[in-house]
Amino acid sequence: MFALGTLAAGAYVYATAARPPVLDHASLCPVDGPRSITVVLLDSTDDIQDIARREVKSALLDMAETLPAYGLLEMRLLDPSTPGGKSIFARCNPGDGSGLSEYTANPRLAKKRWMEGFRQPLEEALDAGFHPAPGKTSPIMETVQRIAVDRFTGRFAEDIPKSLVLVSDMLEHEGDYSQYSGDLSYARYKASRAYRKVQTDLHGAEVTIYYIQRTTARPINSVEHIRFWADWIRDNKGRLKQANKLQGVG
């Protein structure tokens with residue numbers, strides 16, 4: 001009787017437990033789409049000091065480890081020659097096996113898949129991304145515009161959480177508008193040709209900025225600078241979650 005009861009209990013758990021979704025082999029995302037989207041844009045057009053590099057790597061790995069199961073994490077490098085930036089990592093968190101039932105899944109296999117298919121490749125991508133790739137321009141706005149179109153637009157992205165993480169000195173510099181000269185007022189930007197060109201819709205995405213402080217020929221007031229970007233994010237239908245100054249000055 002005890003054995004029959006145990007079998008019946010096991011059958012009930014198997015029948016009622018939520019089963020993991022079917023995952024795409026390459027991306028580890030559910031075949032019917034990710035459950036959330038997080039895009040990290042890493043600006044390495046100038047060298048990043050070692051202390052700031054260590055700080056942001058730790059923060060991004062912590063973020064990845066707390067990413068919701070089946071959420072997409074993509075990392076892009078700011079690259080003036082590549083619209084939308086250069087993608088160096090794009091996979092879903094397949095779940096690390098914690099909380100899975102032995103009856104309906106294989107927690108040990110899930111842990112192995114998470115480590116080998118998600119955690120380790122992410123750390124390798126982060127290490128590669130910190131190598132400086134100097135550029136004559138810094139089209140942050142245009143790159144974010146393309147990210148919004150690529151990742152935050154369409155019916156599959158409409159009803160899921162969306163996040164954008166910017167690791168940058170946030171110094172926009174391109175032909176129609178530059179923050180290396182002139183004031184940091186939003187009015188000056190709105191009067192430039194860039195305003196309409198790079199307007200976009202962030203579709204309510206939460207934005208986090210890891211602010212790299214730079215020594216420039218013309219000193220930048222970081223408070224005014226971050227306020228400018230808060231206005232830009234709000235004007236483009238996003239929400240600034242937080243802005244953190246990284247340690248050290250480049």
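Me: How many disulfides does the structure hold?
Reply: The model is a predicted one. C29 and C92 are joined with their sulfur atoms 2.1 Å apart, which is within the 2.5 Å that defines a disulfide. The number of disulfides in the structure is one.

Me: Which parts of the chain does the pair C29 and C92 link, and how many residues apart are they?
Reply: C29 lies in the loop between α1 (2-16) and β1 (36-42), whereas C92 belongs to strand β3 (residues 86-92). The pair thus links distant parts of the chain, and the separation is 63 residues.

Me: Are C29 and C92 buried or exposed?
Reply: The term buried applies under 20% relative accessible area. By that criterion, both C29 and C92 are buried.

Me: What is the handedness of the disulfide of C29 and C92?
Reply: The torsion about the S-S bond is about 90 degrees. The disulfide of C29 and C92 is therefore right-handed.

Me: Which strands stand at the edges of the open sheet?
Reply: Six strands form this sheet with mixed pairing, in the order β3-β2-β1-β4-β7-β8. Each edge strand has a single partner, so one of its sides is left without a neighbour in the sheet. The edge strands are β3 and β8 (239-249).

Me: Which residue in β7 stands opposite S163?
Reply: Strand β4 (residues 162-168) and strand β7 (residues 206-213) run parallel and are joined by six bridges. Opposite S163 stands E206.

Me: Which helix packs on the sheet and touches β7 and β8?
Reply: Helix α4 (residues 140-151) packs on the sheet by touching β1, β2 (71-77), β3 and β4. The helix touching β7 and β8, whose direction makes about 155 degrees with that of β7, is α8 (residues 222-235).

Key:
Residues are numbered from 1 along each chain as its sequence is written. This is a predicted model: local features need pLDDT of at least 70, side-chain atom pairs count only at pLDDT 80 or more; totals for chains, interfaces and linings use all residues. Side-chain values use heavy atoms; hydrogens and water are left out. Helices (H or I, at least four residues) and strands (E, at least two) are DSSP runs, numbered from the N terminus. Buried means under 20% relative accessible area, exposed over 50%, partly exposed in between (1.4 Å probe, protein chains only). Two strands pair if DSSP finds at least two bridges between them. Contact means heavy atoms within 4.5 Å. Axes are lines fitted to C-alpha atoms, for helices over the stretch in contact, and angles run from 0 to 180 degrees between N-to-C directions.
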